[in-house]
Amino acid sequence: MFEQFDNLTVRNATVEDADLLSAWWNDGKIMAHAGFPNGTGETSQYIAEKISKDKDNICRRLIVEYDKIPFGEMSYYNVGNNTAEIGIKICDFSKQNKGYGKILLSMLIHSLFSNYGYKKIILDTNLNNSRAQYVYEKLGFKKVRVKNNSWKNQLGEWQSSVDYELIEENFNDYTKINK
């Protein structure tokens, strides 16, 4: 995948991105929302091996850039039945709360519907992540369920999550709304 909108780029992660992804994934501040306040512990080599197995029809790890400088990541996984599960992480805290997430997700979702033929997009987020829920709902995602105390983070603390889904006719594409 390679998508551009203004100064933003979404591109396939390559094995050359493994060191950067490892640094992000092993930073507990970046990964706390995903249940890893101590980081994931994954090595660059392990991540490079995972990236080398990515295929468009199975899964892709993606790098997001502003003016060609990486500042976060996204991913999608084919979960069957024309459904993709997605995720996003803006790893550079100075780039958060600037509206980039809504645009980046629009770029990804548009491509998944238009170029890859998916009919439904799903995702989940921590119940405490109200900022993400606001963005997902602006994009047209519908809340499917709340799972209270459904998993524990690395520290053994119970966490709750929210499941969302989106079909194309409900999609609010912010790359088109802003033009």
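By contact I mean heavy atoms within 4.5 Å of each other. I'm working from a predicted model here.

**Entry 1: Asn 153**

I started with where Asn 153 sits, and found it in the loop between β7 (142–152) and β8 (158–167). Is Asn 153 buried or exposed? Its relative accessible area comes out at 9%, and the cut-off for buried is under 20%, so I put Asn 153 down as buried.

Next I looked up what its side chain touches. The side chain of Asn 153 reaches the backbone nitrogen of Leu 155 at 2.8 Å. I also noted a polar contact from the Asn 153 side chain to the side chain of Glu 157, at 2.8 Å.

Then I set aside the neighbours within four places in sequence and asked which residues Asn 153 is in contact with. I got Gly 35 and Gln 159.

**Entry 2: α1 and α3**

I moved on to helix α1 (residues 18–25) and helix α3 (residues 44–52), whose axes come within 8 Å and cross at roughly 120°. That angle is why I call α1 oblique to α3. I logged the crossing of the two helices, α1 and α3, as right-handed.

Which residues make the contact? From α1 I listed Ala 18, Asp 19, Leu 21, Ser 22 and Trp 25. From α3 I listed Ser 44, Ile 47, Ala 48, Lys 50 and Ile 51. Sorting the α1 with α3 contact by class gave me six nonpolar, two polar and two charged residues.

Definitions and conventions
Residues numbered from 1 in each chain as written. Predicted model: local features only at pLDDT ≥ 70, side-chain atom pairs only at ≥ 80, totals over all residues. Heavy atoms only, no water. Axes fitted to C-alpha atoms, helices over the stretch in contact; angles between N-to-C directions. Helix = DSSP H or I, 4+ residues; strand = E, 2+ residues; numbered from the N terminus. Parallel < 35°, antiparallel > 145°, perpendicular 65-115°, else oblique. Left-handed = near helix turned anticlockwise from the far one by under 90°. Nonpolar A, V, L, I, M, F, W, Y, C, P; charged D, E, K, R; others polar. Buried < 20%, exposed > 50% of the residue type's maximum accessible area, 1.4 Å probe, protein only. Polar contact = N/O pair within 3.5 Å; in protein donor to acceptor, adjacent residues only side chain to side chain.
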